[in-house]
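Reader: I would like to go through some labels used for this structure and hear what each one rests on.

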Amino acid sequence: RTKTSRSIPTGVKFMRTVVATIVLFVACCVLSSCNIVAGVSYAVTPDPSQDAAYILPDRRTVVFVDDRRNVMHPTRLRRVIAERVTRDLLSQEILTTVVSPRDVMRVSAANDRHNDPLSVAELGRAVDASVVIYIEMGAFGLTSDGQTANPRASCTVRVIDVEQRSRLFPTDEAAHSIFTTLERIDPHRIESGGEIRKLAEELAEKLGDSVAKVFYTHNTGRL
């Protein structure tokens, strides 16, 4: 006996199409709502932040950058770092009274010429500061092989109480270390003298920014 196939009634086909359409619509709505909820959650979640490593006393303060190893050229980059730290701490209202970094650099240079370097506390006293933020350079370079741009810098930070001749920060280690880099740099920037100078100043500014952030809570950004 020959089997005959049954055709699906038109009404059933229509109902199946309607059901499939509804299921697809609901699935799209669910996925869309998930994306919306995730987006809203991301938007309202506070940016991650980093607490200050140390709260500075609001006393007359000077920032001094020491480069005994001569890793920075030219030496004016020391002033760029110190002035950036000073400016940021004032704008963040961490400090209200500061001494210009130029003043302490002049005192230091004068004594160095006479082979009679002053201690950090003595430098602070010479410019009538109560606190010295002492930054000692560790490394500062724009390239690691002379051809590829790889700006990086490092330093250590101490906070010195001039009156007590004691260290305020850190108290449990030799010094607070900071490392910073500049990313996504056009490799051609190290081929031009003018661009090299600009790049060095950018790196100095970045290091100054990193040092200042040791002393106030700041956003660290999202991935």
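Author: Rings of Phe, Tyr and Trp pair if their centres lie within 6.5 Å. The model is predicted. In this model, ring pairs link Tyr 54, Phe 169 and Phe 215 into a cluster.

Reader: Why is the pair of Tyr 54 and Phe 169 called stacked?

Author: Planes under 30 degrees apart count as stacked. The ring planes of Tyr 54 and Phe 169 stand at 20 degrees, with centres 5.2 Å apart, so the pair is stacked. Tyr 54 sits in the loop between β1 and β2, and Phe 169 in strand β5, 115 residues apart.

Reader: What makes the pair of Phe 169 and Phe 215 edge-to-face?

Author: The label needs planes over 60 degrees apart. For Phe 169 and Phe 215 the angle is 75 degrees, and the centres are 6.2 Å apart. Phe 169 is in strand β5 and Phe 215 in the loop between α5 and β7, so this pair ties together parts 46 residues apart in sequence. Both Phe 169 and Phe 215 are buried.

Reader: Why does Asp 209 count as buried?

Author: Buried means under 20% relative accessible area. Asp 209 has 12% relative accessibility and therefore counts as buried. Asp 209 belongs to helix α5.

Reader: What makes the link between the side chains of Asp 209 and Arg 84 a polar contact?

Author: Such a contact requires a pair of N or O atoms within 3.5 Å, one able to donate a hydrogen and the other to accept it. The side chains of Asp 209 and Arg 84 are joined at 3.3 Å.

Key: Residues numbered from 1 in each chain as written. Predicted model: local features only at pLDDT ≥ 70, side-chain atom pairs only at ≥ 80, totals over all residues. Heavy atoms only, no water. Helix = DSSP H or I, 4+ residues; strand = E, 2+ residues; numbered from the N terminus. Buried < 20%, exposed > 50% of the residue type's maximum accessible area, 1.4 Å probe, protein only. Phe/Tyr/Trp six-rings, centres within 6.5 Å; stacked < 30°, edge-to-face > 60°.
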